[in-house]
Amino acid sequence: MLNPMSVMVLLEGEYRRLVLWGPVPLALGALAYFVWPYEPGYGAGLLLPACIAVVGLGACFYWRGSLAARLGGGAGVALAVGFAAAWLAAHRQPPMPELPRRATELTGIVQDVAYFPALSGQGGPVRRVTLAHGVLHDFVDDGMAPLRRSLSIRLAPQDEGNVAPGDGLRVRVVLQPPPFPALPGGRDKQFEAWFSGQAGGGYALAGAQVEPGQPQKLFGYQHALTMLRQRVDARIRQILPGSSGTVVATLLAGRAEAVPQNVREDFAASGLAHLLAVAGLHLGIVMGAAMLVCRMGLAAWEYAALRWPCKAIAAGTAWVVGGGYVLLTGAHLPAERSWMMSSVVVLGLVVGRRAVSMRGLALAATIMLLVAPQVVLDVAFQMSMAAVMALVAGYEALQPRILRWVSGMSGAKHTLARHGVMLVLTSLLAGTATLPVVMAHFGVVQPFFVLANLVAVPLMALWIMPLGLVALVVMPLHVDAPFLHLMSGGVRVVLWLAHCVAGWPGARIAVPAMPGWGLAAVLLGLCWLCLWRGAWRWWGMPVVLLGTITPWLVTQPDILISPDGQLMGVKDVATLRVMGHARDERALKAAWAQALALPVSDFSGTGENRAETADGSLLCGEGEVAGTCALLRYGQEVILRIHDPSDGRIPLPDDVCAQAAAVVSVAPLRASCPHVPVRLDRFSAWRGGAQAVFLAHGVRVTSDRQKQGERLWVLKPGGHGMPTLPLAQAE
């Protein structure tokens, strides 16, 4: 058993590694703000963290000879800074506007035009425009200031007008705010919209027209960059129609929205989904190619080779080229994180320090958490940090042994063995480290990811991306077609590989939803495993394993209720029985199936016809009340009213409610079942959002509003936001 003195001895032995833990309390402080049960005010959001930071700094200064005091004080300062940074980042965002619940005229300036696959698999692609400075033209919002958030509008299929970034549009639309989570603790699109500057979306009812008098161009580099991406995307789609062309457009212009759904599913099932997300792999290839070309060019010039710091110049050139590639592909968060990490690598090359190290990763993570603390909940940030941390730690421990093993070989055998082992090790380390994160966010395990990556990653690095870079360079000269066709050949090989691997038995294993504390345990255990060097680093392995198996340790709900109360799902042994109808039924079913790792099947329709499960626990259409089902489980009886034409005005008979422990209705219950302990209806869903009902130890209900609390990004019941016009002054 370790005592405090032994712990301090171990910490002193790892003294140079302590700085690597700086981003961890910073991330925990930001996480503490985001999971806070209510919205902290100025006192709790700024004043209290400032006091904690002052006390921590005082402890570090007053007891500067004590390692324990410095560690405790430093951790307190980092926690306080992370909490305050998250509070400031959330409060800097503009409020979520109130969107009309009816069709309305909308004008705005086009920021971007995206092409999506046809919804039914037929016809041309669906165009979706991002509108900035939107103004609603109706009697309620007349005279409003332009919206400070963007709107995503799906244009009408019959609309064939030319729409380009910078155009002012007028279109009649139906708008919707960001949806509530499909189940308590599920994916929160309102949180994502709050920090991404979106107000919601909708669809056009008629053709859009360019509005005379509106500014026709967005000013600044953003418009020029958007137009460049549009031209590159259009050029690629013109030369390479089909699935391979959409992947090429993703790699060279960041236009991943046009990739067909079946291709996405194949890449996800084969463990190749990271190839469709422009991030560290793609940026590393681009920067490596740029540095190689620059270094060889300088080496071939005798004057530069003898007098200039060619290595530093090549690294700086690669950094600039990498930044241009990040901008060209849309400056998404994974690419920004990778470019920031590459900045540290370039700095190390310039000053003669180690290029890739844990200190560089810690610095990049610290900057990201200070600039955008919300990334602590982002799947891309979690996966990239876990992968890079595992790669650096793994190579620190294993690379000397690998080099000794291949040192006895020579020639081509040495080269092939070294690169082959490095490739396998990279896939194993990165894939294993990100596996629990993939489980937590996507609910799947891909057991064949190593085999697929062994072929796809070298193909991407040696064939696809180099040809793509050449195509980008010569595209202004219109001689890019041969290189794009060659690049498309490599992409088709990857598409075939992904389809084959996805078709293998067990290629995609569904797992239940991982609780938040389970994912936190995985990431903290991984930090312990990778950031220390001593034998005690292996203490993190049981924590990682415990977090990984948490999906099977937590109790799953027996009943799920949609945010609008119109859809119900009853968990069975091997399936999820869904009853009722809702506006976003397809998305709700997909989210429920992923959370429970069960297939979804419709059950009984409206409940007017008699239907019964195999075990008899769920029975519909029995008795004189149509549209009613009864669930018997764990000695509890739950009445499910899934169809009520009277909208709750005709109460349920007393004999139906006599033995019920809970009653759930798609309509208001009003006077129905007044003595039943748990009554859930449309109004309870309106107030609390999605709900989960557990029956194992009595009836227990958890709502989404209980999970989230009253936060800035959580819309008011019914999806209402801030009015677009100022409220009248109070008298």
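Cys620 and Cys629 are both buried, meaning under 20% relative accessible area, with exposed set at over 50% and partly exposed in between (1.4 Å probe, protein chains only). Before going on, keep in mind that this is a predicted model, where local features need pLDDT of at least 70, side-chain atom pairs count only at pLDDT 80 or more, and totals for chains, interfaces and linings use all residues. Residues are numbered from 1 along each chain as its sequence is written, and side-chain values use heavy atoms, with hydrogens and water left out.

Back to that pair: Cys620 and Cys629 form a disulfide with sulfur atoms 1.8 Å apart, a disulfide being a pair of cysteine sulfur atoms within 2.5 Å. The torsion about their S-S bond is about 110 degrees, so this disulfide is right-handed.

The structure has two disulfides, and the other one joins Cys657 and Cys673, again with the sulfur atoms 1.8 Å apart. This link has -45 degrees about the S-S bond and is left-handed. It ties together distant parts of the chain: Cys657 sits in helix α21 (residues 654–657) and Cys673 in the loop between β17 (662–665) and β18, 16 residues apart. Helices (H or I, at least four residues) and strands (E, at least two) are DSSP runs, numbered from the N terminus. Cys657 counts as buried because its relative accessibility is 9%; Cys673, at 4%, is buried too.

What about Cys527? Its sulfur is 7.5 Å from the closest cysteine sulfur, in Cys530, so the two are too far apart for a bond.

Now the sheet. Six strands form an open sheet in the order β13-β14-β15-β16-β17-β18, with mixed pairing; strands pair if DSSP finds at least two bridges between them. At the edges are β13 (611–612) and β18 (678–680), each pairing on one side only. Further in, β14 (residues 618–620) and β15 (residues 628–633) run antiparallel over three bridges, and Leu619 has Ala630 of β15 as its bridge partner.

Finally, the packing. The largest nonpolar core holds 54 residues, and Tyr33, Phe34, Phe195 and Trp713 are among those with the most contacts inside it. Such a core is a set of buried Ala, Val, Leu, Ile, Met, Phe, Trp, Tyr and Cys residues joined through side-chain atoms within 4.5 Å. Helix α14 gives the most to this core, with eight residues. A second, separate core of 50 residues includes Ala249, Val346, Met460 and Met475.
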